[in-house]
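Please look over the sequence and the model below. A short report on the fold follows.

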Amino acid sequence: MPYTSVVTARDPGDPDPANVEVDLSLLEEYRAMTVVERLRAASRHAATLERLRRAASQDR
Amino acid sequence: MPHPRTADLEALLRALVDAGIAFVVVGGAAAVIHGAPTSTQDLDIVPRQSTGDIERLRVVLEQLEARFRPILPGRDLAPTVAHLAGTGQLNLTTRFGPLDILCRLHDSRGYDDLVAHSREIVDGDLRVRVIDLDTLIAIKESTGRAKDEIIVSLLRALRDGR
């Protein structure tokens, strides 16, 4: 299993500001999920990250 | 009520499928469907562009309160049939979050080019057409974007069953 990591990439000047986060520790977990479960988990994860990002930016 | 900043992928897909829209899921949501443990803030689709498809898409987008994002003072635009029939990439916000309608990919391929490189995925009552893993990897490799480079190794691992 690869090292557990969350990686965020954002390209300067990218007109689409969406980020992508990858957590390699979840590979096996996602494999075991149904497609609908994966969609729900990814949506939940994105919403949580967005809330954290906004909270962090308000703290600055 | 402001639109969510991140997509409810399942809700968006179900709305499009229930409206009878023919489309191929690409981008981060395709990676998720294939089993990649990533998150994505939006749903990217490449729609079929027959006259009937475009009108159905316009109607469902109206129901989803779709607007070009970001919505700014004096800029609150809904996508039109002309937009949907074009070749552009429409970055929209909806009541289920961001939805990107890619009339063409960055390499100019549209639905008719991609459908042969896609497969239908069925989970219960949800039936969606998704770009296949090899093609998704090739697309991500060809963009040259940092965020796509990150996910390519993960997609390769998925493809190779590691």
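The crossing of H6(B) and H7(B) is left-handed. This is a predicted model. In chain B, helix H6 covers residues 133–143 and helix H7 covers residues 146–159. They pack at an angle of about 160°. Their axes lie 9 Å apart. An angle over 145 degrees counts as roughly antiparallel, so H6(B) is roughly antiparallel to H7(B).

Several residues make up the contact between the two helices. From H6(B) come Leu133(B), Asp134(B), Leu136(B), Ile137(B), Lys140(B), Glu141(B) and Thr143(B). They meet Asp148(B), Ile151(B), Val152(B), Leu155(B), Arg156(B), Leu158(B) and Arg159(B) in H7(B). An α-helix has 3.6 residues a turn, so residues three or four places apart point the same way.

Now the whole of chain B. It holds 7 helices and 8 strands. The C-alpha trace spans about 50 × 35 × 30 Å along its principal axes. A compact globule of 162 residues would have a radius of gyration near 15 Å. Chain B has 15 Å, so the two agree. Buried residues make up 43% of the 162 residues in chain B. Take the contacts in chain B between residues at least 6 apart in sequence: 61% of them join residues at least 24 apart.

The largest nonpolar core has 48 residues. Val24(B), Val25(B), Val26(B) and Ile45(B) have the most contacts inside it. Helix H2 of chain B, residues 27–34, gives this core its largest share, 5 residues. In soluble globular proteins, nonpolar side chains tend to be buried together.

Val25(B) shows what such contacts look like. Leaving out residues up to four places away in sequence, Val25(B) touches Ala30(B), Ile33(B), Ile45(B), Val128(B), Arg129(B), Val130(B) and Ile131(B).

H2(B) is mostly covered, with 8 of its 8 residues buried. They are Gly27(B), Gly28(B), Ala29(B), Ala30(B), Ala31(B), Val32(B), Ile33(B) and His34(B). Gly35(B) follows H2(B) and has a positive phi, near 110°.

Leu9(B) lies in helix H1, residues 9–18. Asp113(B) lies in helix H5, residues 111–114. Is Leu9(B) buried or exposed? Leu9(B) is buried, because 29 other C-beta atoms lie within 10 Å, and 20 or more are enough for that label. Asp113(B) has 14 other C-beta atoms within 10 Å, so Asp113(B) is partly exposed.

The table gives a C-alpha separation for each of these two residues.

| Residue pair | Apart along the chain | C-alpha separation |
|---|---|---|
| Leu9(B) and Ala138(B) | 129 residues | 23 Å |
| Asp113(B) and Ser153(B) | 40 residues | 25 Å |

Which residues does Leu9(B) touch, not counting residues up to four places away in sequence? In chain A they are Leu39(A), Ala42(A) and Ser43(A). In chain B they are Ala29(B) and Leu43(B). Ala29(B) is one of the buried residues of H2(B).

Last, chain A. It has 2 helices and 2 strands. From the N terminus on, its elements run β-β-α-α. Of its 60 residues, 22% count as buried.

How values were computed. Residues numbered from 1 in each chain as written. Chains lettered and ligands numbered in written order. Predicted model: local features only at pLDDT ≥ 70, side-chain atom pairs only at ≥ 80, totals over all residues. Helix = DSSP H or I, 4+ residues; strand = E, 2+ residues; numbered from the N terminus. Rg over C-alpha atoms; globule rule 2.2 N^0.38 Å. Buried ≥ 20, exposed ≤ 12 C-beta atoms within 10 Å, placed from the backbone. Contact = placed C-beta atoms within 7 Å. Core = buried A, V, L, I, M, F, W, Y, C linked by C-beta atoms within 7 Å. Axes fitted to C-alpha atoms, helices over the stretch in contact; angles between N-to-C directions. Parallel < 35°, antiparallel > 145°, perpendicular 65-115°, else oblique. Left-handed = near helix turned anticlockwise from the far one by under 90°.
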